[in-house]
Amino acid sequence: MIASETVRLDLPQILTSLPGPRAKALIERDANVISPSYTRSYPLVASSGQGAIVEDVDGNRFLDCTAGIAVVATGHCHPEVVAAIQRQSERLIHMSGTDFYYENMVELAEKLAASAPGNVARRV
């Protein structure tokens, strides 16, 4: 028998039946107030995340193969992404390209257009 066990927070660990009791309660509350058009594929009630590990409200940890889905595959709370968000939130939080003009939006569009193949004018 091992006298002391080191718990690795970077690995999945299931502590309860799934979904756990806190998750079940939140899912029931959700069903009462959230539109049924807002669908979820599985009953995971996320509490926190680090890298590719996401922890639910019951303390269960899962390998999150969708961390950053459809946006950026940096996982949860990557230090460089967190720092960039902190810097931006000190300047301007709301951003809607259909409301105002933004210099960084134009700069990104110019970079994307320049990187596309072919010798034609393009909009992105």
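**Cysteines, fold and sheet**

Analyst: The sulfur of Cys-65 lies 17 Å from the closest cysteine sulfur, which belongs to Cys-77, and that is too far for a bond. Bear in mind that this is a predicted model.

User: What makes 17 Å too far for a bond in the case of Cys-77?

Analyst: A disulfide requires a pair of cysteine sulfur atoms within 2.5 Å. For Cys-77 the closest cysteine sulfur is that of Cys-65, at 17 Å, so the distance rules out a bond. The structure accordingly holds zero disulfides.

User: Why is Cys-65 called exposed?

Analyst: The relative accessible area of Cys-65 is 71%. The label exposed applies over 50%, so Cys-65 is exposed.

User: Is Cys-77 buried, partly exposed or exposed?

Analyst: Cys-77 has 44% relative accessibility. Buried means under 20% and exposed means over 50%, with partly exposed in between. Cys-77 therefore counts as partly exposed.

User: How many of the residues in the chain are buried, as a percentage?

Analyst: Buried residues make up 15% of the 124 residues. The chain exposes about 10400 Å², and carbon and sulfur atoms supply 59% of that area.

User: Which secondary structure elements does the chain have, and in what pattern?

Analyst: The chain has three helices and three strands. Along the sequence they follow the pattern α-β-β-β-α-α.

User: Why is the chain called more spread out than a compact globule?

Analyst: The globule rule gives 14 Å for 124 residues, whereas the radius of gyration of the chain is 21 Å, well over that value, so the chain is more spread out than a compact globule. The C-alpha trace spans about 65 × 40 × 35 Å along its principal axes. Of the contacts with a separation of 6 or more, 42% are between residues 24 or more positions apart.

User: How do you know that strand 1 and strand 2 pair?

Analyst: Pairing takes at least two bridges between the strands. Strand 1 and strand 2 (residues 53-56) are joined by four bridges, so they pair, and they run antiparallel. Among the residues involved, Ser-48 has Glu-55 in strand 2 as its bridge partner.

User: What is the order of the strands in the sheet, and what makes a strand an edge strand here?

Analyst: The three strands form an open sheet in the order 1-2-3, with antiparallel pairing. Strand 1 (46-50) and strand 3 (61-63) are the edge strands, as each pairs on one side only. From one strand to the next, the twist averages 30°.

Terms used: Residues are numbered from 1 along each chain as its sequence is written. This is a predicted model: local features need pLDDT of at least 70, side-chain atom pairs count only at pLDDT 80 or more; totals for chains, interfaces and linings use all residues. Side-chain values use heavy atoms; hydrogens and water are left out. Helices (H or I, at least four residues) and strands (E, at least two) are DSSP runs, numbered from the N terminus. Axes are lines fitted to C-alpha atoms, for helices over the stretch in contact, and angles run from 0 to 180 degrees between N-to-C directions. The radius of gyration is taken over C-alpha atoms; the globule rule is 2.2 Å times the number of residues to the power 0.38. Buried means under 20% relative accessible area, exposed over 50%, partly exposed in between (1.4 Å probe, protein chains only). Contact means heavy atoms within 4.5 Å. Accessible areas come from the Shrake-Rupley method with a 1.4 Å probe; for residues, only the protein chains shown count as cover.
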